[in-house]
Amino acid sequence: MKTLKEQTEAKIAAGRQANPDFMKGVDDIIRKAKAFQQGDDAIQIGQKAPAFELPNAEGKLESLDTLLAKGPLVLTFYRGSWCPYCNLQLSALQARLDEIHALGATLVAISPQVPNGSMSKNEITEMDFTVLSDQDAKTASQYGIAWEVPAFLKEHMRVDRDLDLETINNGNSSILPIPATFIIGQDGIVLWNYVNVDYRTRSEPEEIIDVLKNMS
């Protein structure tokens, strides 16, 4: 089975072939973002994870404290079910979910999508882990990973992909999370993190499982 990195690289390569001008634009934006060190404000290892209380796909509130009462937490922020790289990442995590659970941890995914039919009836929320809605981007901001979407990308989404972030994210059209994953111990301390402003690059599930094994 191909690793997540191999699957992602294949998708990027296909994108470069199908739409080279757009992918060049993405590369330019990410290069500038890295130059400005976006993502450096993310919560770091050893810091206390900010508390949150967010609705799940059915609108029921779930808090960080309640989730940590079950054991360590693997908390991943993704852009939305419309993002093919997010689908790749979460599908890869779903494939290793039994191992994550066997190590005593819970997997929770957070996106800005609203907790209604558009959020609850998609491939991601059909998976066997909790999906929460951070539609005002407050939690992403507290974790230091809120990112203002450049006009170039918003226009591409609207014109080329028929995606209206204004509708998807209930009015917060300019803010998306930098894709990031945090492993939080039961004491609320961040034990591991992965943050990358290049939304096409994600942490490998194997890395997460190795950290959880070392916690056992």
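Strand S4 (residues 106-111) is largely enclosed by the rest of the structure, because six of its six residues are buried. The model described here is predicted. In a regular strand, side chains alternate between the two faces of the sheet. In S4 both faces are covered: Thr106, Val108 and Ile110 are buried on one side, and Leu107, Ala109 and Ser111 are buried on the other.

The pairing of S4 involves strands S3 and S5. Strand S3 (residues 73-77) runs parallel to S4, with five bridges between the two; within this pairing, threonine 76 has alanine 109 of S4 as its bridge partner. Strand S5 (residues 130-133) likewise pairs with S4 in the parallel sense, here over four bridges. Serine 111 is bridged to serine 133 of S5.

Serine 111, which lies in strand S4, has a relative accessibility of 1% and therefore counts as buried, the cut-off being under 20%. When residues up to four places away in sequence are not counted, serine 111 touches Tyr78, Arg79, Gly80, Leu132, Ser133 and Asp134. Among these contacts is Ser133, the bridge partner of serine 111 in S5.

Glutamine 142 belongs to helix H7 (residues 138-142). With a relative accessible area of 34%, glutamine 142 is partly exposed. Its contacts, leaving aside neighbours within four places in sequence, are Ile43, Pro50 and Ala51. Glutamine 142 and alanine 51 are 91 residues apart along the chain, and their C-alpha atoms are separated by 8.8 Å.

How values were computed
Residues are numbered from 1 along each chain as its sequence is written. This is a predicted model: local features need pLDDT of at least 70, side-chain atom pairs count only at pLDDT 80 or more; totals for chains, interfaces and linings use all residues. Side-chain values use heavy atoms; hydrogens and water are left out. Buried means under 20% relative accessible area, exposed over 50%, partly exposed in between (1.4 Å probe, protein chains only). Two strands pair if DSSP finds at least two bridges between them. Contact means heavy atoms within 4.5 Å.
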